[in-house]
Every structure is written in structure tokens, then in C-alpha cells.
Amino acid sequence: MTTNLETRSLLDELRSFDKGGFFDLGHPLLNRIAESFVKAAGIGAIKGVAREGCYLALEGTKSRSSSTDISAKNNKKNPFPYLRGETNRKSLEAMVKSTGKESLQWGLAAGLYSGITYGLQEARGAHDWKNSAVAGALTGMTVALTCEKPCQEHVLQCAITGAALSTAANLLTGVF
């Protein structure tokens, strides 16, 4: 006799996210934030691993001398100068750190956006582009403030970009 848990595949588990049955924290808002965080954090982790893996692979194909010259020139572009295509402990630690940071940023942004959207929907009694615009702007501002040296112009640009993207996504939901 087999149970439902024994016959479920990984794809079935991932589909259960859409049904809202994975988290039960006692309130729909908390469930929504947690699910959004986990989904986006997973995407951020995959993106971080792919980016750093690609960087390691590309730097590993070059000779040792040209690799150090290139990484010395690109230290401004590379936030983790220990990633030089070598398989050593510092390189692995830098990759884990970068992936964890990216995963956390994506998860926090998604959880914040989802929570603000849900809160506005409950407060206003409607889910429309206005909720998306406000949530996108606040999330964009928050993401901009996580940068090392945030400036007023950058925060404003991220707020406008976040509002525009979330509004466009909301308005184009029924089109595609």
C-alpha cells in the first residue's frame, strides 16, 4: 500500500506552492510572504550559483598570469576578488557568500512586495494597478537602500523602476 507522499515527485511538490498548502503560519499574509520569500530566494540562489559558476569557468580557461591581470583590472566589477577560477577555499567561500546574499535579497524583495500588495488589497478592498505601483515603489526603494552606498538619486530611480515594472506586470496580466 502506497501513500500519497511516496508517489509524489519533486515536480508535484513544486506545484503545491501554487495551491498555498506548503506554509501554514496562521495568517494568509504571513503564508503569502513566506511562500514568496522561499520561491524568490530559490531563484536568487540559482542565479547566484550560475553567475559565479560561469565566472569561475571563464576565468579558469585562461592562463594563470592573464587571469590575475584581468581580475586585477576588473576588481571594481567583481565584488569578490577571490574568485579567480581557482578551486580553493577562498573561492568557494566567496561563491557561497555571494549566492547567499543574492538569495536573501531576492527573497526579501519578493516577500516585501507580496506583503505590501496583500496589505493594500485588504485595506482598500481592491486589487488594481495602484496597489502594484505603491508596492513596487516601496520595494524598489528598499532594494536600493541595501546597496553599499545608497544615494538619493539611486533610491528614486529604483522606486520609479519598481513602480513601473510592477504596474506594467499588473496591467499586462490579462493580455498574455
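## Close-up views of a predicted model

L172 is partly exposed, with a relative accessible area of 43%. The legends below describe this residue and other parts of the chain in a predicted model.

**View 1. A nonpolar patch on the surface includes L172.** The patch is formed by W129, L171, L172 and V175. Together these residues have about 400 Å² of accessible area. L172 sits in the segment after α7, a helix that covers residues 152–171. L172 can belong to a patch because patch residues need over 30% relative accessible area, and the value for L172 is 43%.

**View 2. The whole chain is built from helices, with zero strands.** There are seven helices, and from the N terminus on the order of elements is α-α-α-α-α-α-α. The chain has 176 residues, of which 29% count as buried.

**View 3. K47 and E102 form a salt bridge.** The closest N and O atoms of the two residues are 2.8 Å apart. The pair links distant parts of the chain, with K47 in helix α3 (residues 28–60) and E102 in helix α5, 55 residues apart. Is each partner buried or exposed, or something in between? K47 is partly exposed, at 37% relative accessible area. E102 counts as buried, because its relative accessibility is 10% and the cut-off for buried is under 20%. Side chains of opposite charge can pair when their charged atoms come close.

**View 4. R51 also forms a salt bridge with E102.** Here the closest N and O atoms are 2.5 Å apart. R51 lies in helix α3 and E102 in helix α5, so this pair ties together parts that are 51 residues apart in sequence. R51 is partly exposed, with a relative accessible area of 34%.

**View 5. R124 and D128 meet in a salt bridge.** The N to O distance between the two side chains is 2.8 Å. R124 counts as partly exposed, at 40% relative accessibility. A search of the whole structure finds three salt bridges.

**View 6. F37 and L108 come from separate places in the sequence.** The two residues are 71 residues apart in sequence, while their C-alpha atoms are 6.1 Å apart in space. F37 is found in helix α3. With a relative accessibility of 29%, F37 counts as partly exposed.

**View 7. The second largest pocket has a volume of about 260 Å³.** Its lining has 13 residues, and those closest to the centre of the pocket are A109, G136, T139, G140 and G162. Which elements give two or more residues to this lining? They are α5 (89–124), α6 (129–145) and α7. The residues of the lining divide into six nonpolar, seven polar and no charged. Gly counts among the polar residues in this division.

Key
Residues numbered from 1 in each chain as written. Predicted model: local features only at pLDDT ≥ 70, side-chain atom pairs only at ≥ 80, totals over all residues. Heavy atoms only, no water. Patch = residues over 30% accessible without salt bridge, like charges linked within 9 Å, V, L, I, M, F, W, Y side chains within 5 Å. Areas by Shrake-Rupley, 256 points an atom, 1.4 Å probe, with all protein chains shown as cover. Salt bridge = Lys/Arg side-chain N within 4 Å of Asp/Glu carboxyl O. Helix = DSSP H or I, 4+ residues; strand = E, 2+ residues; numbered from the N terminus. Buried < 20%, exposed > 50% of the residue type's maximum accessible area, 1.4 Å probe, protein only. 1 Å grid on protein atoms, 1.4 Å probe; cavity = no way out; pocket = protein on both sides within 12 Å on 5 of 7 lines; lining within 4 Å. Points joined across faces, edges and corners; volume = space filled by probe spheres on them.
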